[in-house]
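Hi,

Here is the structure I promised to send over. Have a look at it first, and then read on for what turned up.

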Amino acid sequence: MSDIDTEKKGLGLVFLIGFMGCGKTTWGKKLAAHTNSAFIDLDHALEEKAGMSIAEYFSSFGEEAFRKLESDILKTTPYAENTIVSTGGGLPCFFDNMAWMNTNGKTLYIKHSPKTLAHRLENSKTERPVLQGKKGDELVDFITERLAAREGYYMQARYIIDGLLISAEMLQETLSV
Ligand SMILES: Nc1ncnc2c1ncn2[C@@H]1O[C@H](COP(=O)(O)OP(=O)(O)OP(=O)(O)O)[C@@H](O)[C@H]1O
Ligand SMILES: O=C(O)C1=C[C@@H](O)[C@@H](O)[C@H](O)C1
Ligand SMILES: [Mg+2]
């Protein structure tokens, strides 16, 4: 398909997936602007629906309730035809969420090493309750273990990209094939 065809048609419904800090929110916004698509961040949609931050939701209701609510929001959001969706880092790994995304849209996994993720997460201002304030080697070890448990889900994505090579143009090209 040529660039002109893609621009006319749009990318459809795209779900960006991957570990915390891989850049789903950062690149979801950029890709949406670049391709004239709508943008939804499911973590933000959840915070709006709950009327509180994710950290507050975790401490008030626990992770099990959080996972149920994020799955409900994934499946009930009325997506426009061309929408880039940034998902929560754990979302693909619960219930049938990964299969649901693969059935209803295009899934793209932004893959990074535990070291890169740890570096980014240590320097990020967003509060992530799953990390429980871990830092340094403890954070790298935690990510290594958690990523190994999650990667079986992430690798079910239709597209898998090296996060170090990412750009809006590269994402658009990958998702147009
Ligand atoms: N090249 C890069 N691309 C994306 N993010 C980068 C890059 N370099 C540094 N960062 C930093 O890494 C972090 C990426 O965070 P972002 O919120 O986009 O990740 P996320 O995948 O949405 O995480 P979460 O699952 O917690 O929502 C940000 O703090 C950003 O500033
Ligand atoms: O990886 C995770 O389990 C999470 C990632 C974030 O995007 C949020 O959805 C929440 O902090 C949990
Ligand atoms: Mg995000």
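W27, K30, L31, H34 and T35 in α2 meet A168, L171 and Q172 in α8; "meet" here says that the C-beta atoms, placed from the backbone, lie within 7 Å. By class, that contact of α2 with α8 holds 4 nonpolar, 3 polar and 1 charged residues. Ala, Val, Leu, Ile, Met, Phe, Trp, Tyr, Cys and Pro count as nonpolar, Asp, Glu, Lys and Arg as charged, and the others, Gly among them, as polar. Helix α2 covers residues 24–35 and helix α8 covers residues 168–176. Helices (H or I, at least four residues) and strands (E, at least two) are DSSP runs, numbered from the N terminus.

Before going further: this is a predicted model, where local features need pLDDT of at least 70 and side-chain atom pairs count only at pLDDT 80 or more, while totals for chains, interfaces and linings use all residues. Residues are numbered from 1 along each chain as its sequence is written, and chains are lettered from A and ligands numbered from 1 in the order in which they are written.

Now the geometry. Two packed helices are described by the angle between their axes and the distance between the axes. The axes of α2 and α8 come within 9 Å and cross at roughly 75°, which makes α2 roughly perpendicular to α8. Axes are lines fitted to C-alpha atoms, for helices over the stretch in contact, and angles run from 0 to 180 degrees between N-to-C directions. As for the words, under 35 degrees is roughly parallel, over 145 roughly antiparallel, 65 to 115 roughly perpendicular, and the rest oblique.

Next pair: helix α3 (residues 42–50) packs with helix α4 (residues 54–76) at an angle of about 115°, the axes being 10 Å apart, so α3 and α4 are roughly perpendicular too. In this contact, L42, D43, A45, L46, E47, K49 and A50 of α3 meet I54, Y57, L69, E70, I73 and L74 of α4. Those residues divide into 9 nonpolar, no polar and 4 charged.

Then there are helix α6 (residues 114–122) and helix α7 (residues 136–154), whose axes come within 9 Å and cross at roughly 125°, so this pair is oblique. On the α6 side, P114, K115, L117, A118, L121 and E122 meet L139, V140, I143, T144 and L147 of α7. That contact has 8 nonpolar, 1 polar and 2 charged residues.

The sheet is open, with 5 strands in the order β2-β3-β1-β4-β5 and parallel pairing (two strands pair if DSSP finds at least two bridges between them). At the edges sit β2 (38–41) and β5 (159–162), each pairing on one side only. From one strand to the next the twist averages 20°. Helix α3 packs on the sheet, touching β2 and β3 (83–86), and its direction makes about 65° with that of β2. Strand β1 (residues 13–17) is joined to strand β4 (residues 106–111) by 4 bridges, and F15 stands opposite T107 in β4.

Last, the ligands. Ligand 1 is surrounded by 16 residues, the closest being G23, K24, T25, T26 and G89; a residue is near a molecule if its C-beta atom, placed from the backbone, lies within 6 Å of it. By class, its shell has 2 nonpolar, 10 polar and 4 charged residues, and α2 gives the most, with 3 residues. Around ligand 2 are M20, D43, I54, G88, G89, G90, R128, P129 and V130, which split into 4 nonpolar, 3 polar and 2 charged residues.

Cheers

Methods
Contact = placed C-beta atoms within 7 Å.
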